[in-house]
Amino acid sequence: MDMQALHAFLRRAKLATYAGQGDDASVAPLLPDSRQLEYTEGDWLYRDIYVGLTRFSGQEVVYFQGTAVWSMAYSGGVSEQVEDWRGVYAVLREALNASPDQLPLRGPSHYMRDGWSYRCTLQGSLQDFYGDELLTQDRQPVYSLRLCGGVVR
């Protein structure tokens, strides 16, 4: 597996789908009652399928020449007391657009703006990782997510 090529493709794919466009990158979903985002570039295909809206679970898979080579599972969402979930997701996408070059799985380790604070804690590498993210508004938790994944054979 060419990890540098995977790394570069994954960064472009994430910015071209949810981080950059939200659900506007959607295609007809393979699974009932799900949302599906896709990005294709040459031999590479990125597919993100998830269920739910304010609480959700999903999986991202990267294919190279039709074979799955990398995957990430995730689950989380907006806290129950939050009324403006669209505002939460708008700030989340800002943080995701600031994804670090070295490990483009989610957003940076820290991102702050106007009373909002985003934190992403990751362990491992693109090959094998786990982590979580937390978004707070005025120090109150409003969103959290857990993730894990890596290279598949």
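1. Is R106 buried or exposed? R106 is buried, at 10% relative accessibility, where buried means under 20% relative accessible area, exposed over 50% and partly exposed in between, with a 1.4 Å probe and protein chains only. The residue is found in the loop between α3 and β6. Its side chain makes a polar contact with the side chain of E133 at 2.6 Å. A polar contact is a pair of N or O atoms within 3.5 Å; within protein, one must be able to donate a hydrogen and the other to accept it, and residues adjacent in sequence count only if both atoms are side-chain atoms. Not counting residues up to four places away in sequence, R106 touches M72, L92, L96, S99, P100, Y118, C120, E133, Y143, L145 and L147, contact being heavy atoms within 4.5 Å.

2. On the source: this is a predicted model, in which local features need pLDDT of at least 70, side-chain atom pairs count only at pLDDT 80 or more, and totals for chains, interfaces and linings use all residues. Residues are numbered from 1 along each chain as its sequence is written, and side-chain values use heavy atoms, with hydrogens and water left out.

3. The sheet is open and has nine strands, ordered β1-β2-β3-β4-β5-β9-β8-β7-β6 with antiparallel pairing. Its edge strands, β1 (26-27) and β6 (110-113), each pair on one side only. Helices (H or I, at least four residues) and strands (E, at least two) are DSSP runs numbered from the N terminus, and two strands pair if DSSP finds at least two bridges between them.

4. β3 is largely enclosed by the rest of the structure, because seven of its nine residues are buried. G52 stands opposite F56 in β4.

5. Q36 lies in strand β2, and I49 is its bridge partner in β3. Q36 is buried, with a relative accessible area of 1%. A polar atom of the Q36 side chain lies 2.8 Å from the backbone nitrogen of L30.

6. Helix α1 (residues 3-16) lies across β2, β3, β4, β5 and β9, at about 50 degrees to β3. Axes are lines fitted to C-alpha atoms, for helices over the stretch in contact, and angles run from 0 to 180 degrees between N-to-C directions. In α1, the buried residues are L6, F9, L10, R11, A13 and K14; they pack against α2 (18-21), β2, β3, β4 and β5. D2 caps the N-terminal end of α1, with a side-chain oxygen 3.2 Å from the backbone nitrogen of Q4.

7. The largest nonpolar core has 36 residues, and V62, W70, V88, Y89, L135 and Y143 have the most contacts inside it. Such a core is a set of buried Ala, Val, Leu, Ile, Met, Phe, Trp, Tyr and Cys residues joined through side-chain atoms within 4.5 Å. α3 gives the most to this core, with six residues. Beyond its neighbours within four places in sequence, L135 contacts residues including V88, V91, L92, W116 and Y143.

8. Strands β7 (residues 116-125) and β8 (residues 128-137) pair in the antiparallel sense over 10 bridges, with T121 opposite D132 in β8. Helix α3 (residues 85-97) packs on the sheet, touching β4, β5, β6, β7, β8 and β9, and its direction makes about 50 degrees with that of β7.
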